[in-house]
Amino acid sequence: MSRIAYVDGQFVPHRQASVHVEDRGFQFGDSIYEVWSVRQGKLLDEDGHFSRLERSLAELQIENPRSRASYRLVIRDLLRRNRIRDGLIYLQVSRGVARRNHAFPHHPVPPTLVLTAKSVDVDKAEAQAALGIAIITLEDIRWGRCDIKTVNLLPNVLAKQSAVEAGAGEAWLIDRDGNVTEGSSSNAWIVTANGVLVTRPADNSILCGITRMRVFQCAKSLGFLVEERAFSLEEARLARESFITSASTFVTPVVKIDDQIIGNGAPGLMALALRSTYFKQN
Ligand code: PDD
């Protein structure tokens, strides 16, 4: 079955879906995006991702081209046309098309809106989570507004590529103080020897993950304590458990950080409990 994308108001065959050469997203990365997971036809954390989409646009003074109701209609239609039950929705809004000039266009131009959808193999994802993933660590070389979900992802791309080349599932980024900021496309968590969940506070140095916020609720319902504070790579290496969160990985246990085995080398029980609670609560 051929895939269908949505570009500026039209459903088009995926292969022909394109934006203009002078789209500011293409030339400057002047663009923001969102990713939703779809399970059994349902968007997970639907409103949380819409809220962050609206915030990212407002932070960059890009006009929001649609209402939530309108986005919802397009997303439902896109899922139906692509016959997706379990998968991912990708939505991107750029500042639009204009003659190349770093400053915003002199005369307002309509933002460019693009959506794509893809299926995921749920069994494969569950098998991965049951095994856990390895992490490599790298210096965080990103800019000072990582709280905005922009498509300026070059450091993240390079970090993920290094992880792939090392046979790892994710790269954690380390700030100048030796603390973990987050993963190249996920938030980072550890569990201390006392069984307390620790994750970095959502300031400008990380993306405030929607899954991260949901996991706070899951932790509460399971009676787990959460501390929002910076943690060092050293502390992470000694952690009882560790895991990552994101819309595409949900809660995925970490079993190795660089050359250090975490806990007994198997996915942690708290991480697995959070993963199953995440699906129950969504
Ligand atoms: N990534 N941090 C970064 C740098 C991310 O790119 C992501 C998500 C997260 C987790 O956010 P959330 O829980 O809202 O997905 C944290 C998405 C999945 C992506 O880029 O594909």
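**Figure 1. Loop residues with positive phi.** Arg-83 is placed in the loop that runs between H3 and E5, and, in this predicted model, its phi is near 50 degrees, a positive value in a residue other than glycine. Most residues other than glycine have a negative phi. With a relative accessibility of 66%, Arg-83 counts as exposed, because the cut-off for that class is over 50%. A second case is Gln-40, which is not a glycine and yet has a positive phi of about 50 degrees. Gln-40 belongs to the loop between E3 and strand E4 (42–43), and its relative accessibility of 60% means that Gln-40, too, counts as exposed.

Figure 2. The N-terminal end of helix H4 (residues 122–131) is capped by Asp-121, from which a side-chain oxygen lies 3.2 Å from the backbone nitrogen of Asp-123. Just after H4 comes Gly-132, for which phi is positive at about 85 degrees.

**Figure 3. The largest nonpolar core.** This core is made up of 23 residues, and those with the most contacts inside it are Ile-75, Ile-89, Leu-91, Val-93 and Leu-115. At least two residues of the core are supplied by each of strand E3 (31–39), H2, helix H3 (68–81), strand E5 (87–94) and strand E6 (112–119). H3 provides the largest share, which amounts to five residues. For Val-93, when neighbours within four places in sequence are left aside, the residues in contact include Ile-32, Leu-57, Ile-62 and Tyr-71, together with Pro-65, Pro-111 and Leu-113. Ser-31 and Glu-63 are also among the contacts of Val-93.

**Figure 4. Ser-31, a buried residue of strand E3.** Ser-31 lies in strand E3 and has a relative accessibility of 0%, so Ser-31 counts as buried. Its side chain makes a polar contact of 2.8 Å with the side chain of Gln-92, while a polar atom of that Ser-31 side chain lies 3.1 Å from the backbone oxygen of Val-93. Apart from neighbours within four places in sequence, the residues in contact with Ser-31 are Gly-25, Ile-62, Gln-92, Val-93, Ser-94, Thr-150 and Val-151.

**Figure 5. Ser-56, a buried residue of helix H2.** Ser-56 is found in helix H2 (residues 46–59), where its relative accessibility of 1% falls under the 20% cut-off, and Ser-56 therefore counts as buried. Beyond residues up to four places away in sequence, Ser-56 touches Ile-32, Ile-148 and Lys-149. In the case of Lys-149, the backbone nitrogen lies 3.4 Å from a polar atom of the Ser-56 side chain. The C-alpha atoms of Ser-56 and Tyr-33 are 8.3 Å apart in space, although 23 residues separate these two positions in sequence.

**Figure 6. The ligand and its shell.** Of the 20 residues around the ligand, those that come nearest are Tyr-33, Glu-182, Ile-210, Thr-211 and Ala-247. By class, the shell consists of five nonpolar, twelve polar and three charged residues, and E3, H2, strand E9 (180–183), helix H6 (210–222) and strand E13 (241–246) each contribute at least two residues to this shell. A nitrogen atom of the ligand, in turn, is 3.3 Å from a polar backbone atom of Ser-185. The ligand on its own has 470 Å² of accessible area, of which the protein covers 90%.

Figure 7. The side chains of Lys-160 and Glu-170 are joined by a polar contact of 3.0 Å. With neighbours within four places in sequence left aside, Lys-160 is in contact with Gly-169, Glu-170, Ser-184 and Ser-185; Ser-185 also has the polar backbone atom that lies 3.3 Å from a nitrogen atom of the ligand. Lys-160 and Asn-282 are 122 residues apart along the chain, and their C-alpha atoms are separated by 28 Å.

Note on methods: Residues numbered from 1 in each chain as written. Predicted model: local features only at pLDDT ≥ 70, side-chain atom pairs only at ≥ 80, totals over all residues. Heavy atoms only, no water. Helix = DSSP H or I, 4+ residues; strand = E, 2+ residues; numbered from the N terminus. Buried < 20%, exposed > 50% of the residue type's maximum accessible area, 1.4 Å probe, protein only. Contact = heavy atoms within 4.5 Å. Polar contact = N/O pair within 3.5 Å; in protein donor to acceptor, adjacent residues only side chain to side chain. Core = buried A, V, L, I, M, F, W, Y, C linked by side-chain atoms within 4.5 Å. Near = heavy atom within 4 Å. Areas by Shrake-Rupley, 256 points an atom, 1.4 Å probe, with all protein chains shown as cover. Nonpolar A, V, L, I, M, F, W, Y, C, P; charged D, E, K, R; others polar.
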